Amino acid sequence: MSGRGWNGMPFPPSEREREACETIVENAGAALDFTAGMTVAASEADQRTNYAVVRCLEIISEASRRLRAETKARHPRIPWRDIADAGNFYRHAYHRLALDIVWKTVHDQLTEIIEVCRAELSRPPAP
């Protein structure tokens with residue numbers, strides 16, 4: 001399936017994809033909120049914040065897997081494969097987790113991911 005309608009326009013997001021985008025926006029926003037006003041050092045020292053942020057990133061990773069290839073292709077600047085793979089790292093290699101990388105992920109990447117998902121959510125539904 002090409003991901004395009006009879007008029008050549010991309011299909012609007014499916015319900016599954018819409019829910020995935022909403023989940024990504026919600027959890028990316030939460031991760032940013034959890035670390036708002038904190039320094040890297042303060043964040044690293046706060047176990048609750050670390051657990052909460054990593055959980056948000058796990059959820060974002062899983063939700064990203066529910067996006068269609070066509071949707072991801074519209075946003076090639078987003079490292080979709082890395083996002084999906086990161087969830088496995090958070091779950092299975094937690095003992096090697098570098099909190100400075102978590103901080104960079106939150107503060108360098110989540111704002112753009114939120115914008116992309118909001119753009120997808122604002123696409124008009126099929127007539």
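Reply: Fine. One caution: this is a predicted model.

Me: How much of the protein counts as buried?

Reply: Buried means under 20% relative accessible area. The protein has 127 residues. The share that counts as buried is 39%.

Me: What share of the contacts with a separation of 6 or more comes from residues 24 or more positions apart?

Reply: Contact here means heavy atoms within 4.5 Å. Among the contacts with a separation of 6 or more, residues 24 or more positions apart account for 72%.

Me: How far does helix H1 reach from its first C-alpha to its last?

Reply: H1 covers residues 15-35, which is 21 residues. At 1.5 Å a residue, 30 Å is expected. The model comes close to that, with a reach of 30 Å.

Me: Which helices do the buried residues of H1 pack against?

Reply: The buried residues of H1 include Cys-21, Ile-24, Val-25 and Ala-28. Charged residues are buried there too, among them Glu-17 and Arg-18. The packing partners are helix H2 (40-45), helix H3 (47-64), helix H4 (69-74) and helix H6 (99-121).

Me: At what angle do the axes of H1 and H6 cross?

Reply: The two axes come within 9 Å. Their crossing is left-handed. The angle is roughly 145 degrees.

Me: How do the residues of the contact of H1 with H6 divide into nonpolar, polar and charged?

Reply: H1 brings residues including Cys-21, Val-25, Ala-28 and Leu-32 to the contact. H6 brings, among them, Trp-103, Leu-110, Ile-114 and Cys-117. The division is 13 nonpolar, four polar and four charged.

Me: How many disulfides does the structure hold?

Reply: Cys-21 is buried, with a relative accessible area of 1%. Cys-56 is buried as well, at 5%. The number of disulfides in the structure is zero.

Me: Is Phe-34 buried or partly exposed?

Reply: Phe-34 lies in helix H1. Leaving out residues up to four places away in sequence, Phe-34 touches Thr-49, Ala-52, Val-53 and Cys-56. The cut-off for buried is under 20%. Phe-34 has 38% relative accessibility, so it counts as partly exposed.

Me: How far apart in space are Phe-34 and Thr-49, C-alpha to C-alpha?

Reply: In sequence they are 15 residues apart. In space, the C-alpha to C-alpha distance is 6.2 Å.

Me: What is the relative accessible area of Ser-43?

Reply: Ser-43 sits in helix H2. Beyond its neighbours within four places in sequence, Ser-43 contacts Thr-35, Met-38, Thr-49, Asn-50 and Trp-103. Ser-43 is buried, and its relative accessible area is 7%.

Me: What separates the C-alpha atoms of Leu-110 and Val-25?

Reply: Leu-110 belongs to helix H6. Leu-110 is buried, at 1% relative accessible area. Leu-110 and Val-25 are 85 residues apart along the chain, yet their C-alpha separation is 8.7 Å.

How values were computed: Residues numbered from 1 in each chain as written. Predicted model: local features only at pLDDT ≥ 70, side-chain atom pairs only at ≥ 80, totals over all residues. Heavy atoms only, no water. Helix = DSSP H or I, 4+ residues; strand = E, 2+ residues; numbered from the N terminus. Expected span 1.5 Å × (residues − 1). Buried < 20%, exposed > 50% of the residue type's maximum accessible area, 1.4 Å probe, protein only. Disulfide = S-S within 2.5 Å. Axes fitted to C-alpha atoms, helices over the stretch in contact; angles between N-to-C directions. Left-handed = near helix turned anticlockwise from the far one by under 90°.
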